[in-house]
Amino acid sequence: MKRAACFSLLLLASLAPVHAGPAGWITSTPLEILSAGKWAAGSSGNDLVIVDRATGLARIGQRSGAGYTWSELATGVGGITTATTLRRAAGLDFLAVASVEWNAVQLTSPGQPPVTLTAPVIGPQALVRLSTGQLEGSVQEDIMAFSTLGNSASGEIHGGVTTAGVPLFQEPVTGLPEQPQALVLSPQTSQPVLVSLRAGVLRVDPLTRSGGIAAGGFDVTGPTPGLLWTASASALFTAAPGDTTVTRRLISTATIAAGQTRPSGVGAVVSFSLGSAIASLDTVPFTDPSAPDVNCLVAVRFAASPATIVLYRLAAGPPATATALVTLEASPGESMAAVVSHGSEFTALSGPGGRAQHWKRYAQPAPGAAPAVVASGSLPALRARGAQPNLFTFDLEPFVDEAARLLASRNEGDWTTAAAGAAPQKETDLGFLAGLGNPEPLALPPGAFVLGNQFLPSASAAGFGAIAALPRSAVTFSPAPGAYGALGASGTFEVSLSATPSTEEIRFRRSVDTSWQVYDPARPPSLTAAGTLLAITGDTATGTMSRIFSAVYTFGPLPPAVPAAAVDADLDGLSDAFERAFGLTEPNADADGDGINNLTEQNSGTDPLDPLSPAPNTTPELSLEFASSAPNDGQIHLTWPAGLTGFVLETSDDLINWEPVVPQPAGNSFSEAPAGGRKYYRLNRP
C-alpha cells in the first residue's frame, strides 16, 4: 500500500472533497503559537500564522511567490493559553484562541470581525478542532475545550461548542490532555482522533460530535511525564525527556464501514539511537520511492544545541538506521523557534530567545533528495500598540442607549478616526517625536454604529475591553483582597461578593476546591487560612460567563500603626519609612538606573538600589475607558481601574505634547465638557 507523505504540524485531509488539502497542526512554544493554513482567499494555502501569547497579536504570512506578505491580526485576547485552527466551508482557516483568565474562546480571521464564544467549560486550558464532517461528507468544524476548572468531581471536564456558539456537550474527563492534537493518522482514516499526552500517557481516542471522546481509544505509551512526541501520516514518534532514542510506532487501523477506517492500536515499534539528549521532536515532509517505510523526516532539536535542528531519515531496516540528512541553523545569536510544514514544503523559524524573527523555507529538489533552502526572509517586529483592537461595532448607539452591546472589535493600524461627519481613516504611530501620520482610508465594518478610538471630533480614548462582545460584568470582593491581621477567635474570615450588573449569578471556588458553587449572600464563603478565592458571574438567560476574577488573602501580625501625619511628612509620594530605609528623597529619580523611578519601585515593593530588582508586572494596567454607565449629559466621562497610584491623567491635541489635567482627579474617574479641536487622554506614570 502506498503511503502518503507525512507533515510535521499535520492534520491530514479527510476523503470528503470539501476538506481538500492539509489543515494546520498547532505548534506551541513558551512565547508563541504557530501553524500553517489558508489565511487569504488569493493564497495557495501555504500561509503561516504566528501568535504572540502575551499580547494575542498574530502575524499572518501570506504566501506570495517565493516569500511571504506579512500582515497583523489582533485576536483581542492577551495571555493566550491555548489555540487551534478551524477550516470553514468557505475554504479559509480561522484561528481560535482561549485564555484561562478571560474564560472565553475567540475566533478571528483576516478581514473578519472577531467572534467571542462562551466557553463550554470554565477557564479553558486546551483547545482542539473537532472536525467531524468526514463521515457525513460535510463540513462540521467545531471546537473542543478542556479545563481543570469544571464542576466535575475530579475537577477535570471537557466540552464542545460549534463555531456559531451552540453548546455540543460537557462531560468529565480523566487525565486532562496536556498536549492535544486532532488528527487523521492515515489517508484511509475517515474518523478523526484525538492524540494527546494525558497524565503522562500518550493516547489515541476517536472523536464524535455528540460526546467528544468516544469509546475505543488506546494507550500508545506507558506513563512518561513530559513525553516528547510528534506525528506523521501513519505513525507516532516519541522520546522520553532527556533521552537519546526516538521510538516510531506505526498505527494499525480497523474497518468501521465500507471505505472507512479508524485507528485501532499500535503496530510495529522500532527505536533509533541518536546519541545525544533530545529536547524536541517534529516531522517534515519527505518522499523516497526506494524506501516506502520512510515517508517523513524527523526534526530533532538537541538540548546541547538550541541553535540547530537536525533532520533524520529513520529506516526500520533491519538494521534500524538513523541518518542525519540536513542541519537547520539559526542566524548568529538566535535559537530555533519551530518548524512548520505546509504541503510538500516546510519553514524553519528562528529568533532571539526562541521568538520567530527569521524564516527559511525548504523543499525536496527531487524524490529521495535532502531538503534544500528555496527562500528566506525576516518577519516584521511586533507592535505593542497594534495588539489592541481600536475599531468597535455596536448594535445600538453607545453612550446614549444603555442597552448598547458591543458586537465586534478589530485592529486597524495604530489609531482610527471614525467620527461623525468626517471621512474615516487610520493612522500609523511614527514614534515619540513624529506622532501620528500616514493616514489611509478606512473601510468601516457593517453595523448600526461604528466607533473608532476617536469617537467624537473633540475627544478621544481607547480601550473597550480585550474581547469582542464579552459581557463586561465584574465581581467585587468585600473586604478587599490583601493582608489582614491574625484570624480572631472564630478562626474564620468571611468574604462577601457582589456582581455588576447585580442581576447576574455569581459562582465561586477556593483555589484548592474541585468545583464551583453558586454564591448565597446568606452563606458567604469563609477562609480559615491564607488562600485565593476565584469568582465568575453568569447570565442565566444566555449562559454567558464573565472573565475569572481572583482575590488573594493573607493573615498574620500586621506592622504597628503609624500616625497618618508621619507616613509622608513632605507629601512627595515617598513614605518616610522608605526615605529612611534607602536614603532617597526624590520620587522621580532613578537611583539604580534600571529605568524605573523611586516612586514606582516603592509602590511595586522592589529594591530601588538594585537594578536587577525590576518592578514586577503585577500593578493594574493603565487602561483608560469611557464610563459604561455615564449619564447622557453631553460631557466626556472617563474611568480607569481603582487602586492605581503614581499616575497622572494627561491630555494632548497631537499625541506629541502632553499636559496634565488641572486639577487632577482624586478617584478613578474624570468628566469634562468637550472643547474645540480633537483631544486625546492618557494615563501616564511620570
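**Entry 1: Asn 103**

I looked up Asn 103 and recorded that it counts as buried at 2% relative accessibility; buried means under 20% relative accessible area, exposed over 50% and partly exposed in between, with a 1.4 Å probe and protein chains only. Asn 103 is placed in the loop between strand E9 (93-99) and strand E10 (104-109). Helices (H or I, at least four residues) and strands (E, at least two) are DSSP runs, numbered from the N terminus. The phi of Asn 103 is positive, about 55°, although the residue is not a glycine.

I note that this is a predicted model, in which local features need pLDDT of at least 70 and side-chain atom pairs count only at pLDDT 80 or more, while totals for chains, interfaces and linings use all residues. Residues are numbered from 1 along each chain as its sequence is written, and side-chain values use heavy atoms, with hydrogens and water left out.

**Entry 2: Ala 199 and the strands around it**

I then examined Ala 199, where phi is near 55°, a positive value in a residue other than glycine. Most residues other than glycine have a negative phi. Ala 199 lies in the loop between E17 and E18, and this hairpin has two residues between the strands. Ala 199 is exposed, with a relative accessible area of 57%.

Strand E17 (residues 193-198) is mostly covered, with six of its six residues buried. I checked both faces: Val 193, Val 195 and Leu 197 are buried on one side, and Leu 194, Ser 196 and Arg 198 on the other. Six bridges join E17 to strand E18 (residues 201-208), and the two run antiparallel; strands pair if DSSP finds at least two bridges between them. Val 204 in E18 is the bridge partner of Val 195. E16 is also joined to E17 by six bridges, again antiparallel, and Gln 179 stands opposite Leu 197.

**Entry 3: the second largest pocket**

I followed Gln 179 to the second largest pocket, where Gln 179 is among the residues nearest the centre, together with Ile 26, Thr 27, Ser 28 and Thr 29. The lining holds 41 residues, and the volume is about 850 Å³. On a 1 Å grid over the protein atoms alone, where a 1.4 Å probe fits, a pocket is an open set of points with protein on both sides within 12 Å along at least five of seven lines; lining residues have an atom within 4 Å of a point. Grid points are joined across faces, edges and corners, and the volume is the space filled by probe spheres set on the points.

Which strand supplies the largest share of the lining? I found that it is E16, with six residues. Strands that each supply at least two residues include E3 (27-28), E8 (82-87) and E16 (177-183). By class, I recorded 22 nonpolar, 14 polar and five charged residues. Ala, Val, Leu, Ile, Met, Phe, Trp, Tyr, Cys and Pro count as nonpolar, Asp, Glu, Lys and Arg as charged, and the others, Gly among them, as polar.

**Entry 4: aromatic pairs**

I noted 14 aromatic pairs in the structure. Rings of Phe, Tyr and Trp (its six-membered ring) pair if their centres lie within 6.5 Å; planes under 30 degrees apart count as stacked, over 60 as edge-to-face and the rest as tilted. The ring centres of Phe 508 and Tyr 519 are 6.5 Å apart and the planes stand at 80°, so this pair is edge-to-face. Phe 508 lies in strand E45 (residues 505-510) and Tyr 519 in the loop between strand E46 (517-518) and strand E47 (526-527), so the pair ties together parts eleven residues apart in sequence. Both Phe 508 and Tyr 519 are buried.

Phe 578 and Phe 582 form a tilted pair, 4.9 Å centre to centre with 50° between the planes. Both lie in helix H2 (residues 576-582), four residues apart, about one turn of the helix. Phe 578 is buried at 8% relative accessible area, whereas Phe 582 is partly exposed at 30%.

**Entry 5: cis peptide bonds**

I looked up two cis peptide bonds. The bond from Ser 478 to Pro 479 is cis, with omega near 0°, and Pro 479 lies in the loop between strand E41 (474-478) and strand E42 (482-484). Val 662 and Pro 663 are also joined by a cis bond, with omega about -5°.
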